[in-house]
Amino acid sequence: MKKTILSILVALLAISLGCNSQKKSSGENLTIDYQVDSSYILLPVEETAPEIKIKVGTPDQNNQPAYDVHLAQNKIDYWVPIDVKKYKGQKLTLSFLTLKESILGVKEIKYSDRFDFPYNETYRPQFHFSPEHGWMNDPNGMVYLDGEYHLFYQYNPYGSMWGNMHWGHAVSTDMVSWTYLPTAIAPDSLGTIFSGSAVVDINNTAGFGKNAIVAIFTSNGKTQRQSIAYSTDKGRTFTKYSGNPVLPNPGITDFRDPKVSWNEVSNQWIMTLATKQTITFFGSRDLKKWTKLSEFGQGIGSHAGVWECPDLFPLTYQGKTKWVLLVSINPGGPNGGSATQYFIGSFDGTKFTADPLPYPLWVDYGRDNYAGVTWSNIPKSDGRRLFLGWMSNWDYATTVPTLNFRSANTTPRELSLGMSGGHMIVKSFPAKEMNTIRGASKTYPKQVVEKEATLTGLLPKNKGTYEVEMTLKPMHSSTFGFELTNTKGELLKFTFDLKTNKLSIDRDKSGKINFNDKFKSGTSAPIVTKGSYNIRLLVDKASAEIFIDNGEIAMSSIFFPTEIMNNMTFFTSEGKLNAENITIYNIK
Ligand code: FRU
């Protein structure tokens, strides 16, 4: 995500437990009454402290959901804001449901009109979307309307760990520069708000208004059920439907992540839902009453984990329409933890049938692309199938070495069909908007590598946000590749092995790796033997996404170097490696 979005410059301008607040112990629980005279209540967080349940509301708001906050006990790692602007002038009560006595995190609460921090943390991505603060996982409700790409996302506004799931919200006109908007959908008596999708109801089938954005999501309470909410102001505010949930739970624990689209053949909305280890399709004329249509998935693809976040959409290949079904799975990814598999086949309006292909097939073979789905309502005149994933892995996502925010998304990608290894595949390649943020570039002459060759100082003012384009041609070499390196000896290594037909990424020496045992393991993708490979590599502070031959293979990998990697070393085991057409772009 580009920097233009934020002008966060000022440090915390706040006062501690001000004169307008009063602490007391009401019965069992500690409470603070606060006559609201500022925009935010800032809660001190210590990540390893136990969660405390906190409720914030006016005296007549007893049914507000409680939020879990790792309230500081011994030290303060960072603050999280509770936005109380709408209560200015009123009395609010903060109830600490599981606290009897004041602890550090209560004593150090601040009240402030600002919640600002510099947007320049060491691992803050600059051209990928990341949450302003707090935790993010799956992209949700991606929908395009009137020139705006909407991105909602699984969001914890009250800490950088998973929990309190809301839908965060941002908009963009190009999927690169994002503007943060207030949190869109908050937990309610049916539960927290899990993943889902959004559609534009062009024909007002639900009766919420023509062109209303309707969000369809999982209410995660005692069971998982599907609910809807609508917006008639271009996504700025959402109203939950009074008849929620619209799809009750049939007795399955994992019953979630509805992705909805209009199907012209059966003339109805189709909900593609993850149901344990299958996908169930439901149909509806009005987004409110849903009927089961069919189920897919037994005995096909990877079943090494629970199925999540599906998506179903058509793609055309040489004039023929094929249907693609994306299914995220965790664990069971090709390199451990979470990953997104896909099936290609047909959909007759009610039932999906997979073509016989060598499943499992993966959208991205790196460890860090999960729960990705595609944008709905992209104009026909554009016609692209645009995808975004969460650039992390449940194996270690909650422990990565960032503090006041956690996780980013992948670059926006265009999905298309192609052929590789003798069968059809889904290719994924950065959306063309990514070309518009290229800044000054540097080209290098052809390198004829025998054993090793290093390009030192790739870019003069390398801030860790750059793109590499090049062609690698092995000349009688079976093992070759390149490494990004820095002066501290840290490296990120990409190896092509034509004996095993694998491309692997090794991040074992890439900087900070000890935060989680599962972070280290090697990563590989199948490749076919060719005389030449076109490489595109996008680096953004703490991530590298590599695309081979226009997206035949994509691999996304996060890494945490302690210094920017501004050198590149080519290597070959035997023979020679020709590295040609090398251009390094600074990313603006
Ligand atoms: C996938 C997922 C979804 C769920 C959400 C909860 O990463 O587990 O299945 O809706 O995250 O945050």
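Predicted model: local features only at pLDDT ≥ 70, side-chain atom pairs only at ≥ 80, totals over all residues.
Me: How much space lies in the largest pocket?

Reply: About 1,300 Å³. The pocket has 42 lining residues, and D83, Y158, H166, P182 and T183 are the closest to its centre.

Me: Which elements give two or more residues to that lining?

Reply: Those are β5 (52-57), β7 (78-83), β11 (148-156), β12 (166-172), β13 (179-185) and β17 (239-240). The largest share comes from β13, with six residues.

Me: And which domains does the lining of the largest pocket draw on?

Reply: At least three residues come from domain 1 (14-112), and at least three from domain 2 (134-398 + 405-430).

Me: What is the lining of the largest pocket like by class?

Reply: There are 24 nonpolar residues, 10 polar ones and eight charged ones.

Me: OK, the second largest pocket. How much space is in there, and which residues are closest to its centre?

Reply: The second largest pocket holds about 1,000 Å³ of space. It is lined by 30 residues, and W262, E264, I378, K380 and R385 are the closest to its centre.

Me: Which strand gives the largest share of that lining?

Reply: β22 does, with six residues. The elements giving two or more are β14 (192-201), β18 (255-263), β22 (306-317) and β23 (320-330). By class, the lining of the second largest pocket has 14 nonpolar, nine polar and seven charged residues.

Me: Switching to cavities. How many of 30 Å³ or more does a search of the whole structure find?

Reply: Four. The largest cavity has about 160 Å³ of space. Its lining has 15 residues, with S407, A408, A542, I558 and F560 nearest the centre.

Me: Which domains supply the lining of the largest cavity?

Reply: Domain 2 (134-398 + 405-430) and domain 3 (437-587) each give at least three residues. By class, the lining divides into nine nonpolar residues, five polar and one charged.

Me: What about the second largest cavity, what volume does it have and what lines it?

Reply: Its volume is about 60 Å³. The lining residues include P139, S195, D257, K259, C309 and V373. Strands β14, β18, β22 and β27 (370-374) each supply at least two of the lining residues. The lining of the second largest cavity has six nonpolar, three polar and two charged residues.

Me: You listed D257. What is its phi?

Reply: Phi of D257 is near 65°, a positive value in a residue other than glycine. Most residues other than glycine have a negative phi. D257 lies in strand β18.

Me: Is D257 buried or exposed, and why?

Reply: D257 counts as buried because its relative accessibility is 4%, and the cut-off for buried is under 20%.

Me: Which other residue has a phi near 65°?

Reply: K451 has a positive phi near 65°. K451 sits in the loop between β33 (447-449) and β34 (452-455). K451 counts as exposed because its relative accessibility is 66%.

Me: Where are there cis peptide bonds?

Reply: One runs from N244 to P245, with omega near 0°, and another from Y359 to P360, also with omega near 0°. P245 is in the loop between β17 and β18. P360 is in the loop between β25 (352-354) and β26 (361-362). Most peptide bonds are trans.

Me: Now the rings. How many aromatic pairs does the structure hold?

Reply: It holds 36 aromatic pairs. One of them is Y396 with F519, an edge-to-face pair at 5.0 Å centre to centre and 80° between the planes.

Me: Where in the chain are Y396 and F519?

Reply: They belong to distant parts of the chain, 123 residues apart. Y396 is in the loop between β28 (386-390) and β29 (405-406), and F519 in the loop between β38 (502-506) and β39 (523-526). Both Y396 and F519 are buried.

Me: What charged end sits over the ring of F519?

Reply: That of R507, 3.8 Å from the ring centre. Elsewhere, the charged end of R124 sits over the ring of F405, 3.8 Å from its centre.

Me: Last one. Which residues do ring pairs link into a cluster?

Reply: F129, Y144, Y149, Y153, Y155, W178, Y180 and W375.

Methods:
Residues numbered from 1 in each chain as written. Heavy atoms only, no water. 1 Å grid on protein atoms, 1.4 Å probe; cavity = no way out; pocket = protein on both sides within 12 Å on 5 of 7 lines; lining within 4 Å. Points joined across faces, edges and corners; volume = space filled by probe spheres on them. Helix = DSSP H or I, 4+ residues; strand = E, 2+ residues; numbered from the N terminus. Nonpolar A, V, L, I, M, F, W, Y, C, P; charged D, E, K, R; others polar. Domains from an automatic or database assignment. Phe/Tyr/Trp six-rings, centres within 6.5 Å; stacked < 30°, edge-to-face > 60°. Buried < 20%, exposed > 50% of the residue type's maximum accessible area, 1.4 Å probe, protein only. Lys NZ or Arg CZ within 6 Å of the ring centre and 35° of its normal.
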